[in-house]
Amino acid sequence: MRVDTKICPLDLDLTLGCGQTFRWRKAPNGLWEGPLGNQFIRLGQKGSVVHIEASPGGRVVEELVRTHLRADDDVRKIQKALAKDPVMAAGVSELKGLRIVKIDEWECLMSFILATYANVPRIAKMIETLSNRYGERIVAGVHSFPSQERLRRASLAGLSKCGFGYRAKFIHEACRILGVDVLSEFKRMSSKDLREALKQLPGVGDKVADCVLLFGFGRLDAFPIDVWIERALGRLYHRRGSYNRLRGFAREQFGPYAGYAQEYLYYNERLRAPKGTCVFSEE
DNA sequence: GCCCAGGAGTGTG
DNA sequence: CACACTCATGGG
C-alpha cells in the first residue's frame with residue numbers, strides 16, 4: 001500500500017523523529033516501526049511515496065496512516081501563511097515535510113500526562129511500559145496502547161511500580177474521573193472550552209492541555225510551550241514572561257496555524273540548534 | 001555526583 | 001496576576 005505525497009511534501013524522518021510522537025522507532029533497515037491502533041505498522045519512504053506494511057493486515061490501514069500523518073494537510077499553504085513572519089520565512093525551507101501528527105485522543109492525553117518534566121527517551125520508555133503492562137499484545141514484543149477500559153482497571157499500586165514517579169497518581173485519578181463517553185463529548189467542544197475541560201483533569205495544566213489539543217484533537221491553533229519553545233521565543237523573538245503572556249504573543253503572531261509554527265520552532269531549538277546549524281536566525 | 005527534562009499543584013504576595 | 005516551592009525519577 002502506498003500514500004502518494006507528491007502533491008504536498010511529507011517527510012517521515014522529520015515527522016516521526018522530532019519528538020511529537022513517542023512510539024515510532026527507526027529500525028536499522030531504515031523503516032519506521034510502531035503500533036498504530038491494534039496493528040503493528042512499518043513505514044518506508046522513497047521519494048514522494050510512503051510504503052505501508054501492517055500486521056495483522058487490514059483494509060483500513062492506509063486511511064489510518066493518512067490520518068496519523070495528517071497527509072491531507074496543505075503544508076505549502078500553511079507555510080506560506082506562516083512565512084509572513086520573517087523568522088518563519090527563513091526557517092521553514094528545510095522543514096517542508098514536517099507534519100503535525102494526529103494521535104488518538106485517549107492515547108495522547110495519557111501520554112502527555114506522563115510526559116510532564118521528563119525527556120523524550122524517558123517518555124517513550126514510560127509509554128512502552130504502560131502498554132506492555134496494560135495494553136493488548138499485537139505481535140511479539142509489541143503491545144497496543146491500553147484502552148480506557150483496561151487502564152481504568154489498573155490499580156494505583158500497579159501503576160506506581162512502573163517508574164512513573166508522581167505521574168502514576170495523575171494517571172490513576174484521571175482514569176477515575178473520565179467517563180466512557182467524555183472524549184466523544186470533548187470532540188464537539190470549541191477549543192477554548194475543551195482546553196478548560198482538559199485542565200480540570202489531574203496532571204493537566206496549560207502545556208499538557210495544549211499538547212492534547214494539538215496532537216490529540218487536531219486543533220492546529222494550539223501552541224504548547226515547553227522549555228524548548230520558551231527558549232526559542234526568547235532567543236528568536238526576545239519574548240519572555242508567563243505562559244499566558246507567551247501564548248498570547250504566539251496566537252497573535254502565528255494565528256490559526258500556531259501549532260505548526262510551534263513544531264518548526266521545537267524542531268529547530270531541540271534537535272537542530274545544538275549542532276550549530278540554526279535554520280532559524282535572529283532578526 | 002551533577003544538571004536537566006515537551007510541568008503540575010499548591011501556597012503566598 | 002506573578003513567583004516559590006515541592007513532587008519522583010531516569011537520561012546525559
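I will start with the DNA contacts and then go to one helix.

This is a predicted model, in which local features need pLDDT of at least 70 and side-chain atom pairs count only at pLDDT 80 or more, while totals for chains, interfaces and linings use all residues. Residues are numbered from 1 along each chain as its sequence is written, chains are lettered from A and ligands numbered from 1 in the order in which they are written, and side-chain values use heavy atoms, with hydrogens and water left out.

So, DNA strand C. Around DNA strand C are Tyr117, Asn119, Arg122, Lys125, Gly165, Tyr166, Arg167 and Ser242; near here means a heavy atom within 4 Å. Of the atoms of DNA strand C that come within 4 Å of the protein, 58% belong to sugar and phosphate. By class, these residues are two nonpolar, three polar and three charged, with Tyr counted as nonpolar, Lys and Arg as charged, and Gly as polar.

Which side chains have a polar atom by a phosphate oxygen of DNA strand C? Ser242 does, at 2.6 Å, and so does Lys125, at 3.1 Å.

Now helix α5, residues 105–114. Helices are DSSP runs of H or I, at least four residues, numbered from the N terminus. 10 of its 10 residues are buried, so α5 is largely enclosed by the rest of the structure; buried means under 20% relative accessible area, with a 1.4 Å probe and protein chains only. Among the elements covering them are α6 (120–134) and α9 (167–177), where contact means heavy atoms within 4.5 Å. At the N-terminal end, Asp104 caps α5, with a side-chain oxygen 3.2 Å from the backbone nitrogen of Trp106.

Key:
A polar contact is a pair of N or O atoms within 3.5 Å; within protein, one must be able to donate a hydrogen and the other to accept it, and residues adjacent in sequence count only if both atoms are side-chain atoms. Buried means under 20% relative accessible area, exposed over 50%, partly exposed in between (1.4 Å probe, protein chains only). Helices (H or I, at least four residues) and strands (E, at least two) are DSSP runs, numbered from the N terminus.
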